Amino acid sequence: MLSTMQDRQLGLPLLLRHAHRVNGKSTVISHGRSTRHVATFAMVAERAGRLGSALEHLGYPRGTVVGTFAGSTQEHLEAYLGIPASGRILHTLNVRLHDDHLEYIARHASDEIFIVDGPNLERFCSIAPRLPGMRLLIVAGKDAPDVPPELSCDVVLYEELLLNGTPEIDWPEIDEREAAIICYTGGTTGLPKGVAYSHRSLWLQAMSLCTANAVGMSCESRLLPAVPLYHVNGWGLPFAALMAGADLIMPDHSMRAEHLLALIDEEPPTIAAGVPTIWSDVLDLVRSRGRADLGAVRTICCGGAQVSQSLSDAYRSMGIRMVQAWGMTETSSVSAVATVPRWAQSEEDRLHYQASQGRVVCGLEVRVASLEGEVLPSDGTSVGEIHIRGPWVTGRYLGADDQSEFQDGWLRTGDVGTVDGDGYVFVADRAKDAVKSGGEWIPSLALEEAIRNHPAVQDVAVVAIPDPRWQERPGAVVVLRPGHVSTSAELSEWLRDKVARWWIPSLWIFSDSLPRTAVGKIDKRLIRQLIRDGVYS
Ligand code: ADP
């Protein structure tokens, strides 16, 4: 028997209307280093409607792919809403990608229109001649420089374009399975791979983020997403805020610690999010100013890379709940969140769960399997590749026939670790970053965590280095805290009672910084290359 329920489609048109009619008084604050602009959700939704309708008037049909090359601004957010709500497809380009990767993803996604803001225009124009499919360039922002006359496409200013549109809020329903937003992986382990989120997956994922077991957001919240809108859709956080009616504080073009701390003081957010590097920099800054607080911030959702225990503890001591989150481009955003269950009474238990990558959110399922594909028990001890499936997990890559990263309807995440009986995920390594010494696996994330606990160590990356006897041995690239000294002998000695002896790195390299990818993750591929080329020695 079919249900009696109405068959309304989930998706961006519904979200646009809710943001306009119900959460219309909540605000978007775009706060740059020297600019501040406030708009209500109602204003943002109307401008988003104008953008969609202006493209319609210009004759760009539904399904046209619109690339954005922009910072965390109100205009970018309007594109997030208006492009998909009007039936077009948004593709957020990561401005920090290498030119070749940018060209690759813009062509691969068949982008025809680009929305580019002032600070990114010069860079974009240098790549534009490599994008023959480009038909229209929309320039956003008041401070935009002139577009070089040799660009062969139509050019229009964003604000002028909006004058040609109408504040359309009542877009017709779109089939919820249609593509709404395209996102590419950061390329940490190879060429970027594309994923097309559907209206339905974006909706479900935003609802999941709003729940207390995830980030927990309501109309009482003020959210500071220190996550670029092009990194896994800004982890989907803007959609969750629009859904919940949480004020949204957009950091514009800077994610630097000084700027974020200024926003924390001037705009008092209650919830913040971002990768560990950002929150580690903010912590250093807070301490250097002799402070022990982060204003009104009560929760920080931290993920995208492993969150160290010392970072979580430091924020905890300031009365802030820092929760680790785990997710991927392929899973739309946050898939597990390290909330501590109420049965964790002892300090040891609390630390155990806090150190996990998180408990899988309702709607997604995880399992562990050997690299050969044999499903292993989710018992907290069986180590294997983590598989995931669910309504907001991709079932394939855009334009690719290769199904090697999928098995029986599950996505093979490439992350190696365990899952326990309560759905907590523990990631020990990325399969491609694993160190295999004499046939035994050394979990690089655990080894990094141990080294990072040394008082002189600011950051560290462990990678596999070839070894004639053991095939591979761990090598550690260490960044020391300013004003601290240490040596390989001292660090090795210090590790002796903390990890198995054979885990102790055979090579120690001291460096001023660690190379990072376009989304701020440690670039282990490049580190291995630099070691091979003798640049690091
Ligand atoms: P890329 O694959 O280019 O890095 P993503 O941003 O999609 O782009 O990266 C997803 C990966 O980031 C995960 O598969 C995992 O390896 C890593 N990751 C995300 N969150 C965490 C976390 N909390 N702890 C450890 N690794 C994480």
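Modeller: Rings of Phe, Tyr and Trp (its six-membered ring) pair if their centres lie within 6.5 Å; planes under 30 degrees apart count as stacked, over 60 as edge-to-face and the rest as tilted. A search of the whole structure finds eight aromatic pairs. This is a predicted model, where local features need pLDDT of at least 70, side-chain atom pairs count only at pLDDT 80 or more, and totals for chains, interfaces and linings use all residues. Residues are numbered from 1 along each chain as its sequence is written, and side-chain values use heavy atoms, with hydrogens and water left out.

Biologist: What makes Y80 and F239 an aromatic pair, and why is it called tilted?

Modeller: Their ring centres are 5.6 Å apart and their planes make an angle of 45°. Y80 belongs to helix α3 (residues 74–85) and F239 to helix α8 (residues 237–244), so the contact ties together parts 159 residues apart in sequence. Helices here are DSSP runs of H or I with at least four residues, strands are runs of E with at least two, and numbering starts at the N terminus.

Biologist: Why does Y80 count as buried?

Modeller: Buried means under 20% relative accessible area, exposed over 50%, and partly exposed in between (1.4 Å probe, protein chains only). Y80 has 0% relative accessibility, so it counts as buried. F239, at 2%, is buried too.

Biologist: What makes the pair of Y353 and Y424 tilted?

Modeller: The planes of Y353 and Y424 are 50° apart, with 4.5 Å from centre to centre. This pair links distant parts of the chain, with Y353 in helix α12 (residues 347–354) and Y424 in strand β22 (residues 424–430), 71 residues apart. Y353 and Y424 are both buried.

Biologist: How do you know that K498 sits over the ring of W494?

Modeller: The rule asks for NZ of Lys or CZ of Arg within 6 Å of the ring centre and within 35 degrees of the ring normal. The charged end of K498 is 4.1 Å from the centre of the W494 ring, and K498 sits over that ring.

Biologist: What makes β7 and β9 edge strands?

Modeller: Two strands pair if DSSP finds at least two bridges between them. An open sheet of seven strands runs β7-β6-β5-β3-β4-β8-β9, with mixed pairing. β7 (154–157) and β9 (194–198) each have a single partner strand, so one side of each is left without a neighbour in the sheet.
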